[in-house]
Amino acid sequence: MATQGKLDVLILGSGGREHALLKACLRSPRVAKVRVAPGNGGMALEAECLEVDAANPAAVLELVRRTASNFVIVGPEVPLAAGVVDALEAAGIPAYGPLAAGARLEASKAFSKDFMVRHKVPTAASETFRSLTPALEYVRKQPIPIVIKASGLAAGKGVVIATTHAEAEAALRDMMETKVFGASGDEVVIEEFMQGEEASIMLMVCRDEYLMLPPSQDHKRV
């Protein structure tokens, strides 16, 4: 139980992002205790690690009540898309992370592309497919290189930059026929290739207020 006025924090996740969140919480004078679920070996050196199916809202809610945590930070995309924050907020437990409706922008590349087109947000030209044959017919007519994306969550592995039409076709067959990414490949986005610097701008949003974090950069090819 947190001391009066202080936070008893539960962090969901097991990656480097969640480890950074753990370190930040441990430094905060507003935090009395931090637990992580499921955590990892490195995080276990700094906080109690608990077992939980983070993608199961009911299981997360039961853990929060059992540990008397009064603030939950949800890191990974899968529990966000599963509605963990929705369940916590419905139970009156403050949580950091988007509701499932907001997480859909990350959970479905097809939805995200459609959202950007509808709201005139600049984005690479693309087409979305749910059947293999029309996807193959389309990609054969496109310039190379071209980007093939499994629409659903694939732990950061669902994107192929094909440098030949044969590679593009193989990627489509892997995603839609062989199901290397499971249901995440039921829908694919075929997108024009754009070359240049990548940057991520992250904002913490609360109603009509926001805080912009420093830009970060991904280096997946490295």
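Predicted model: local features only at pLDDT ≥ 70, side-chain atom pairs only at ≥ 80, totals over all residues.
Residues are numbered from 1 along each chain as its sequence is written, and side-chain values use heavy atoms, with hydrogens and water left out. The chain's secondary structure comes to nine helices and 11 strands; helices (H or I, at least four residues) and strands (E, at least two) are DSSP runs, numbered from the N terminus.

**Overall picture**

- The C-alpha atoms fill a box of roughly 65 × 35 × 35 Å along the principal axes.
- Of the 222 residues, 35% count as buried; buried means under 20% relative accessible area, exposed over 50%, and partly exposed in between (1.4 Å probe, protein chains only).
- The accessible surface is about 13,000 Å², and 56% of that belongs to carbon and sulfur atoms; accessible areas come from the Shrake-Rupley method with a 1.4 Å probe, and for residues only the protein chains shown count as cover.
- Take the contacts between residues at least 6 apart in sequence: 57% of them join residues at least 24 apart. Contact here means heavy atoms within 4.5 Å.

**The parallel sheet**

- Five strands make an open sheet with parallel pairing, in the order β3-β2-β1-β4-β5; two strands pair if DSSP finds at least two bridges between them.
- At the edges sit β3 (48-49) and β5, each pairing on one side only.
- Strand β2 (residues 31-38) runs parallel to β3, joined by two bridges, and Val36 stands opposite Cys49 in β3.
- Helix α1 (residues 16-27) packs on this sheet, touching β1 (7-13), β2 and β4 (71-74), with its direction at about 170° to that of β1. Such angles run from 0 to 180 degrees between N-to-C directions, with axes as lines fitted to C-alpha atoms, for helices over the stretch in contact.
- Helix α3 (residues 57-67) also packs on the sheet and touches β1, β2 and β4, its direction making about 150° with that of β1.
- His19 belongs to helix α1 and is buried, at 18% relative accessible area. Leaving out residues up to four places away in sequence, His19 touches Asn40, Gly42, Met43 and Glu46.

**The antiparallel sheet and a hairpin**

- The other sheet to look at is open and antiparallel, with four strands in the order β6-β9-β7-β8.
- β6 (126-129) and β8 (159-162) are at its edges with a single partner strand each, so one side of each has no neighbour in the sheet. From one strand to the next, the twist averages 20°.
- Five bridges hold β7 (residues 146-150) and β9 (residues 188-192) together, with Ile148 partnered by Ile190 in β9.
- Helix α7 (residues 109-118) lies across β6, β7, β8 and β9, at about 50° to β9. Helix α8 (residues 132-139) lies across β6, β7 and β9, at about 155° to β6.
- Strands β10 (residues 203-206) and β11 (residues 209-212) run antiparallel with four bridges, and Leu203 stands opposite Met212. Their hairpin has two residues between the strands, and Arg207 takes a positive phi near 55° there.

**Salt bridges**

- The whole structure has 13 salt bridges, each a side-chain nitrogen of Lys or Arg within 4 Å of a carboxyl oxygen of Asp or Glu.
- Glu46 and Lys23 meet at 3.1 Å, N to O. Glu46 is in the loop between α2 (41-44) and β3 while Lys23 is in helix α1, so the pair ties together parts 23 residues apart in sequence.
- Glu48 bridges to Arg35, with the closest N and O atoms 3.4 Å apart; the pair links strand β3 to strand β2, 13 residues apart. Arg35 is buried at 9% relative accessible area, whereas Glu48 is partly exposed at 38%.
- Arg173 and Glu177 meet at 3.8 Å, N to O; both lie in helix α9 (residues 165-178), four residues apart, about one turn.
- Salt bridges with shared partners join Asp8, Arg35 and Glu48 into one network.

**Surface patch**

- Tyr96, Met202, Met204, Leu211 and Leu213 form a nonpolar surface patch with about 430 Å² of accessible area together. Patches take residues with over 30% relative accessible area and no salt bridge, joining like charges within 9 Å and nonpolar side chains (Val, Leu, Ile, Met, Phe, Trp, Tyr) within 5 Å.
- Tyr96 lies in strand β5 (residues 95-96) and is partly exposed, at 35% relative accessible area.
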